[in-house]
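Have the viewer open as you read.

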Amino acid sequence: MTVHVRDAKRKMPAERHGELLAKAVEIAHAEGLSAVTLRRVATDMGVTPGLVSHYFSAAEQLIAAAFRTAALADLDEAGSRVGAASSAGEKIAELLDYVLGEQGDDGSALWLETWTLRRRNAALAAEAEELTDRWLACIAAIVACGVDSGEFTVPDVEVAARRLLIMIDGLGAQKVVRAVPAEEAKHIARVYVSSELGVNG
């Protein structure tokens, strides 16, 4: 153990911080955010809890950082898929396929647990609010693109984006608890999107 700590101290702070955060994200994906603790990360990394607390003063801070890292990666992946599509209709289809497909389960599970834990974790609540705003901006951009191209008929882009995010969150949560199969969730979403966005043609 002493050798591990000496090795850890040789690493640059940014590198060590990144390694600890990556381990926290790994634990969060495998076992959930509630499994992320200073001691658990220290044990898995082979370092002392004191070293972890040097970079993350409390478990709440570590959990919030793990959520932010994982949620941003999820949003970036969704954005990449959406960005590769040409029309607004194709963009919304790509988004739904990603978030409501099997590959979107990790992201949905992460958010489902976050909504519960945020009540007692102010740092996590703040991160969740910011990431929610980013998701809303992503969806609103697609809706606005469709309005501009004449594909969608929407009286209020921001309202439509919020409704779509609520629909996605609800179906995603249902998928996580295995209440709704992926294909059924995507079918429900497509029907709702067609109505909400007044899809033309």
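## The aromatic cluster

W111 has 9% relative accessibility, so it counts as buried (buried means under 20% relative accessible area, exposed over 50%, partly exposed in between, with a 1.4 Å probe and protein chains only). Bear in mind that this is a predicted model, where local features need pLDDT of at least 70, side-chain atom pairs count only at pLDDT 80 or more, and totals for chains, interfaces and linings use all residues. Residues are numbered from 1 along each chain as its sequence is written, and side-chain values use heavy atoms, leaving out hydrogens and water.

A pair of aromatic rings is described by the distance of the centres and the angle of the planes. Here, rings of Phe, Tyr and Trp (its six-membered ring) pair if their centres lie within 6.5 Å; planes under 30 degrees apart count as stacked, over 60 as edge-to-face, and the rest as tilted. That rule gives 2 aromatic pairs.

W115, at 30% relative accessibility, counts as partly exposed. Put together, F67, W111 and W115 make one aromatic cluster.

## Helix α7 and its surroundings

What does α7 look like end to end? It has 13 residues and reaches 18 Å from its first C-alpha to its last, close to the 18 Å expected at 1.5 Å a residue (the expected span is 1.5 Å times one less than the number of residues). Its buried residues are D105, G107, S108, L110, W111, E113 and T114, and the buried residues of α7 pack against α5, α6 (88-99), α8 (122-149) and α9 (157-176).

S108 is a handy one to click on in helix α7. It counts as buried because its relative accessibility is 16%. Leaving aside neighbours within four places in sequence, S108 is in contact with V99, G172 and V176 (contact means heavy atoms within 4.5 Å).

For α9, the 20 residues should span 28 Å at 1.5 Å a residue, and the end C-alpha atoms are 28 Å apart, which agrees. The buried residues in α9 are A160, A161, L164, L165, M167, I168, L171, G172, A173 and K175. Their packing partners are α6, α7, α8 and α10 (182-196).

The loop between α9 and α10 holds R178. Its phi is near 65°, a positive value in a residue other than glycine. Is R178 buried or exposed? R178 is exposed, with a relative accessible area of 63%.

## A35 in its loop

A35 is placed in the loop between α2 (13-31) and α3 (38-45). At 17% relative accessibility, A35 counts as buried. Setting aside neighbours within four places in sequence, A35 is in contact with I27 and R40. A35 and A24 are 11 residues apart in sequence, with 8.9 Å from C-alpha to C-alpha.

## The whole chain

Zooming out, the protein has 10 helices and 0 strands (DSSP runs numbered from the N terminus: helices are H or I with at least four residues, strands E with at least two). The C-alpha atoms fill a box of roughly 70 × 35 × 25 Å along the principal axes. Of the 201 residues, 44% count as buried. Among contacts between residues at least 6 apart in sequence, 67% join residues at least 24 apart.

The protein exposes about 10200 Å², with carbon and sulfur atoms supplying 55% of it (Shrake-Rupley method, 1.4 Å probe). On the charge side, there are 21 positive and 29 negative side chains, and the centres of the two sets lie 9 Å apart. Lys and Arg count as positive and Asp and Glu as negative, without His or the chain ends; each charge is placed at NZ of Lys, CZ of Arg, CG of Asp or CD of Glu.
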